[in-house]
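Subject: Structure for your review

Dear colleague,

Please find below the structure that I am handing over to you. My findings follow directly after it.

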Amino acid sequence: MIIKHRKREWMKQMNREAKAKQERIIENHLRLYSTYLVGIKNCEQQLEYIMPNITTKYGADVHGAFFYVVSDSTANIALDRIEGKRALNLKEEIEKYKIITASIERALNQLGQQERDFIHYRYFDCLPIYEVKEKLGYSEDRSIYRIRRHVLDKLLISLNNLLSF
């Protein structure tokens with residue numbers, strides 16, 4: 001009986017630790033949201049520099065493999081040998097950042113205004129929790145932590161795909 005109780009308590013502790021780790025990952029993505037947007041722009045600029053006016057089309061096929069089509073065969077051979085891998089890596093980074101930012105935007109659209117304000121102040125503006133509490137007009141610490149818990153519970157579901165990034 002004691003062994004079963006200890007095992008059950010150990011499992012609860014493991015679940016709490018795993019959930020806390022997932023919450024930290026989600027919070028980190030939220031804090032880096034604007035940095036991801038800048039990263040998209042920078043990678044797109046690098047890609048344009050590497051392949052100026054040569055690339056006519058690039059994207060991913062149905063299996064997820066990235067490809068690009070260039071305008072002439074001489075350029076195609078040169079790009080394959082020199083810049084092809086680098087360009088594909090940049091494109092992959094761009095797509096990764098776009099997935100992250102789009103996922104965050106979709107998840108935020110499902111939240112209430114108060115929850116979105118909490119996220120904006122806490123993660124996008126990186127304000128300490130006591131300032132977030134003041135901005136939202138709360139006097140009790142419990143209230144702001146309750147909002148945080150509700151927000152993170154919802155985001156753990158809607159941003160589950162980001163736990164592997």
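In this predicted model, helix H6 (residues 129-136) packs against helix H7 (residues 141-158) at an angle of about 95°, and their axes lie 10 Å apart. Since angles of 65 to 115 degrees count as roughly perpendicular, H6 and H7 are therefore roughly perpendicular to each other. On the H6 side, the contact is formed by Ile129, Val132, Lys133 and Leu136, while H7 contributes Asp141, Ile144 and Tyr145. Sorted by class, this contact of H6 with H7 comprises five nonpolar and two charged residues, with no polar ones.

H6 also packs against helix H5 (residues 113-124): the axes of H5 and H6 come within 9 Å and cross at roughly 145°. This crossing of H5 and H6 is right-handed. Here Asp117, Phe118, Tyr121 and Arg122 of H5 meet Ile129, Val132, Lys135 and Leu136 of H6. By class, the contact of H5 with H6 holds five nonpolar and three charged residues, and again no polar residue.

Regarding the protein chain as a whole, its secondary structure consists of seven helices and two strands. Read from the N terminus, the elements follow the order α-α-β-β-α-α-α-α-α. The chain has 165 residues, of which 32% count as buried. Its accessible surface amounts to about 11200 Å², with 52% belonging to carbon and sulfur atoms. Of the contacts between residues at least 6 apart in sequence, 60% join residues at least 24 apart.

Yours sincerely

Definitions and conventions: Residues are numbered from 1 along each chain as its sequence is written. This is a predicted model: local features need pLDDT of at least 70, side-chain atom pairs count only at pLDDT 80 or more; totals for chains, interfaces and linings use all residues. Side-chain values use heavy atoms; hydrogens and water are left out. Axes are lines fitted to C-alpha atoms, for helices over the stretch in contact, and angles run from 0 to 180 degrees between N-to-C directions. Helices (H or I, at least four residues) and strands (E, at least two) are DSSP runs, numbered from the N terminus. Angles under 35 degrees count as roughly parallel, over 145 as roughly antiparallel, 65 to 115 as roughly perpendicular and the rest as oblique. Contact means heavy atoms within 4.5 Å. Ala, Val, Leu, Ile, Met, Phe, Trp, Tyr, Cys and Pro count as nonpolar, Asp, Glu, Lys and Arg as charged, and the others, Gly among them, as polar. Buried means under 20% relative accessible area, exposed over 50%, partly exposed in between (1.4 Å probe, protein chains only). Accessible areas come from the Shrake-Rupley method with a 1.4 Å probe; for residues, only the protein chains shown count as cover. A crossing is left-handed if the near helix is turned anticlockwise from the far one by less than a right angle, and right-handed if clockwise.
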